[in-house]
Amino acid sequence: MTVSYDSLLPCQSQTVAIIGAGNVGRTLAQRIVEKDLADVVLLDVVEGLPQGIALDLMEAQGLEYHNCEVVGTNNYEETAGADLVVITAGRARTPGISRDDLLAINAKIVADVAEKAYKYSPNAIFMVITNPLDVMTYLTRKVTGLPPQRVMGMAGVLDSSRLQTFIAMELGISTANVTAMVLGGHGDLMVPLPNYCTVNGIPLTQLLDSPTINRLIERTRNGGAEVVKLLKTGGAYYAPASAASVMIESILRDQSRLLPTAAYLQGEYGLNDIYIGVPSFLGCRGVKKILEVKLSDNEREALHISADSVRKNVHFALESVGIQ
């Protein structure tokens, strides 16, 4: 029997467009292709930069044994038809600059980027990494007009990973034994949940006293600033890229993993019309469902205080780009 290979349907590869070829963008591109998740189009305004990074990554393809293609470009047309768009473009943190200090600068950048990327990939899921994270995610949805489940921000996975690491370091155990959860805005008002942190199912509160837990929580809240202070010339990018790749994998492979995500709330946790970190199931359509976990009165109050801070900055960001 003779098979005509021309008659067979071609394999349908998925594409992730990463807007911004800085440290986070380029590291995320590496994570994606080395996991064999998708082809990557890496876009940046600096001529030659994304092309050089793409070529460098492709020259490692045979060594890393993946089959994904990386394309570098300065042209949004080459991102057309992307399944997922990741926005990392914007000014990075430097010593003395908080996430909120970046608000006015990055609002203009993200609004422009989101509009151009949406033009060529109107059916894509959008993920935002640019800081201030929750505000930029809201702005992206406002500019694109996409359904809320198709726009999300990466923050909670990163913050939870930092807390997970600090707990493991404190106890002298493997991070694989630790589960941690952090909600709220990506900043000083994030809301770590000790009651949902466990070590192989054992509640953290049975293993560490309150002063120690509070110290680890405070270090988590300042996790990004600690890296900035040490690096002196920029912010974290290895852990943020890993966090984003975990979310991307859950989406592209429709794993429905429960991950803390900056998602759009419509009454959940008593909050409306706001993006903030909450446990969410991520799948092929984006945020499939938001899970409402039981919070103590203090945790719920902290979440609302965090939301108030995000909401205030959202209004400022919208005004700075001329959106009512």
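Me: Axes here are lines fitted to C-alpha atoms, for helices over the stretch in contact. Keeping in mind that this is a predicted model, what angle do α1 and α9 pack at?

Reply: Let's take the two helices as a pair. Their axes are 8 Å apart. The angle at which α1 and α9 pack is about 45°.

Me: Are α1 and α9 roughly parallel or oblique to each other?

Reply: Start with the cut-off: angles under 35 degrees count as roughly parallel, and 65 to 115 as roughly perpendicular. The angle between α1 and α9 is about 45°. That's why the word for α1 and α9 is oblique.

Me: Which hand does the crossing of α1 and α9 have, left or right?

Reply: Look at where they touch: V24, T27, L28, R31 and I32 are the α1 side of the contact, and the α9 side includes Y238, P240 and I248. As for the hand, α1 passes α9 in a crossing that is right-handed.

Me: And α2, are α1 and α2 roughly parallel or oblique to each other?

Reply: α1 and helix α2 (residues 49-58) have axes 11 Å apart and pack at an angle of about 30°. Angles under 35 degrees count as roughly parallel. Therefore α1 and α2 are roughly parallel.

Me: Which residues in α2 meet α1?

Reply: The crossing of these two helices is right-handed. By class, the contact of α1 with α2 has 4 nonpolar, 1 polar and 1 charged residues. From α1 come R26, A29 and Q30, and in α2 they meet L49, I53 and L57.

Me: On to the pockets! Which element gives the largest share of the lining of the largest pocket?

Reply: This pocket has a volume of about 790 Å³, and 43 residues line it, with V24, T88, G90, R91 and A92 nearest its centre. The elements giving two or more residues to that lining are α1 (23-34), α4 (103-120), α6 (156-171) and α8 (223-231). The largest share is 5 residues, and it comes from α4.

Me: How many residues in the lining of the largest pocket are charged?

Reply: Let's go class by class. The lining has 21 nonpolar and 15 polar residues. The charged ones number 7.

Me: Which element gives the most to the lining of the second largest pocket?

Reply: About 360 Å³ of space lies in this pocket. It is lined by 19 residues, and S160, A180, R257, L259 and P260 lie nearest its centre. Two or more lining residues come from each of α6, β7 (178-179), α9 (238-252) and β12 (257-266). With 5 residues, the element that gives the most is α6.

Me: Is the peptide bond from N131 to P132 cis or trans?

Reply: Most peptide bonds are trans. P132 is in the loop between β5 (125-128) and α5 (133-144). The bond from N131 to P132 has omega near -5°, and it is cis.

Me: What is the phi of Y65?

Reply: Most residues other than glycine have a negative phi. Y65 sits in the loop between α3 (61-64) and β3 (70-73). Although Y65 is not a glycine, its phi is positive, at about 55°.

How values were computed:
Residues are numbered from 1 along each chain as its sequence is written. This is a predicted model: local features need pLDDT of at least 70, side-chain atom pairs count only at pLDDT 80 or more; totals for chains, interfaces and linings use all residues. Side-chain values use heavy atoms; hydrogens and water are left out. On a 1 Å grid over the protein atoms alone, a cavity is a set of points where a 1.4 Å probe fits but cannot get out, and a pocket is an open set with protein on both sides within 12 Å along at least five of seven lines; lining residues have an atom within 4 Å of a point. Grid points are joined across faces, edges and corners, and a volume is the space filled by probe spheres set on the points. Helices (H or I, at least four residues) and strands (E, at least two) are DSSP runs, numbered from the N terminus. Ala, Val, Leu, Ile, Met, Phe, Trp, Tyr, Cys and Pro count as nonpolar, Asp, Glu, Lys and Arg as charged, and the others, Gly among them, as polar. Axes are lines fitted to C-alpha atoms, for helices over the stretch in contact, and angles run from 0 to 180 degrees between N-to-C directions. Angles under 35 degrees count as roughly parallel, over 145 as roughly antiparallel, 65 to 115 as roughly perpendicular and the rest as oblique. A crossing is left-handed if the near helix is turned anticlockwise from the far one by less than a right angle, and right-handed if clockwise. Contact means heavy atoms within 4.5 Å.
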